[in-house]
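Here is a short briefing to read alongside the model. Please keep the sequence and the 3D view open as you go.

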Amino acid sequence: MRPSVGFAAVKLLEDAGCVVEVPRQTCCGQPAFNSGDRDTARALAEQAIEAFAPYDYVVAPSGSCAGQIKAHYPELFAGDPNIARKADALAAKTYELVSFLVDVMGVTEVDARFDGTVTYHDSCSGLRELGVKRQPRQLLATVEGLTLTEMKENEVCCGFGGTFAVKYGEISNSIVEKKTENIVASGAHTLLAGDLGCLMNMAGKLSREGQPVEVRHVAEVLAGMTDEPPIGAPAPGK
């Protein structure tokens, strides 16, 4: 959906001294897990466990994906003698991208420039399952030209929730409507977050409202890779 996020993540990790490999893989299984389809969730999780077994760390530019692996894989396989140990091992070495950079690799600054005022949305999974709050703000403070202005209720859900937005569209729309009010009221030109699902949801609502706020993944800004159009904006010439 947004390849530039992956490329930005690789750049940030390599700048921090990591050797990055991307094995063949599939979905982490979160949509199935959240829908109660434990059989499909386990099948997908088993693929991920095998794919990532050889690596020292697993890093995702997404709090929801990292949260699924770290918080819910052990739950999925609790009591299964064949795979519980492997699930626990994968959970222990899995991190959200910015948390990994700050808390594991000790990154204190980035070499990037972004001219403008931004506001930051704390995505539910990253915040509540992984404790991602301080880390993105710490690195954003080192981006030249960037000013961070906090929106009201920045920790409140944007209303996406994956399949929740599909099953309960009216409720989801009411939640994101309140969120976009707070985004616009912040006066920021750009909205940042660490989860693409949340970003797509908020970008869609801002677009439908005709708001001029641009939306980007925090990794793109931290990596200095903002040549791509903002999320939800048409590519040049289209």
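Predicted model: local features only at pLDDT ≥ 70, side-chain atom pairs only at ≥ 80, totals over all residues.

Residues are numbered from 1 along each chain as its sequence is written, and side-chain values use heavy atoms, with hydrogens and water left out.

**Overall fold**

- The protein has 12 helices and 6 strands, where helices (H or I, at least four residues) and strands (E, at least two) are DSSP runs numbered from the N terminus.
- Its radius of gyration is 18 Å, close to the 18 Å that the globule rule gives for 238 residues, so the protein is as compact as a globular protein of that length. The radius is taken over C-alpha atoms, and the globule rule is 2.2 Å times the number of residues to the power 0.38.
- Taken along the principal axes, the C-alpha atoms fill a box of roughly 55 × 45 × 35 Å.
- Of the 238 residues in the protein, 46% are buried; buried means under 20% relative accessible area, exposed over 50%, and partly exposed in between (1.4 Å probe, protein chains only).
- Among contacts between residues at least 6 apart in sequence, 75% join residues at least 24 apart, with contact meaning heavy atoms within 4.5 Å.
- The protein exposes about 11700 Å², and carbon and sulfur atoms supply 52% of that area. Accessible areas come from the Shrake-Rupley method with a 1.4 Å probe; for residues, only the protein chains shown count as cover.

**Empty space**

- Rolling a probe the size of a water molecule over the atoms shows where empty space is left.
- On a 1 Å grid over the protein atoms alone, a cavity is a set of points where a 1.4 Å probe fits but cannot get out, while a pocket is an open set with protein on both sides within 12 Å along at least five of seven lines; lining residues have an atom within 4 Å of a point. Grid points are joined across faces, edges and corners, and a volume is the space filled by probe spheres set on the points.
- By this rule there is 1 cavity of 30 Å³ or more, and the largest cavity holds about 80 Å³ of space.
- Among the residues that line the largest cavity are Glu96, Tyr120, His121, Asp122, Val132 and Asp195.
- That lining divides into 3 nonpolar, 5 polar and 3 charged residues. Here Ala, Val, Leu, Ile, Met, Phe, Trp, Tyr, Cys and Pro count as nonpolar, Asp, Glu, Lys and Arg as charged, and the others, Gly among them, as polar.
- The second largest pocket contains about 170 Å³ of space. Of the 13 residues lining the second largest pocket, Met1, Arg2, Pro230, Ile231 and Gly232 are the closest to its centre.
- The elements giving two or more residues to this pocket's lining are α1 (3-15) and α11 (196-208), and α1 gives the most, with 3 residues.
- The lining of the second largest pocket divides into 9 nonpolar, 2 polar and 2 charged residues.

**Buried helix residues**

- Leu199 lies in helix α11 and is buried, with a relative accessible area of 0%.
- Leu199 touches Leu191, Leu192, Ala193, Val215, Arg216, His217 and Ile231, not counting residues up to four places away in sequence.
- Ser99, in helix α6 (residues 97-104), is buried at 7% relative accessible area.
- Leaving aside neighbours within four places in sequence, Ser99 is in contact with Val104, Val132 and Gln135.

**Partly exposed residues**

- Glu46 sits in helix α3 (residues 38-52) and is partly exposed, with a relative accessible area of 37%. Not counting residues up to four places away in sequence, Glu46 touches Phe77 and Ile83.
- Thr147 belongs to strand β4 (residues 144-148) and is partly exposed at 44%. Beyond four places in sequence, Thr147 touches Gly116, Thr117 and Val118.
- Glu153 is in the loop between β4 and α9 (163-167) and counts as partly exposed at 37% relative accessibility. Phi of Glu153 is near 55 degrees, a positive value in a residue other than glycine.
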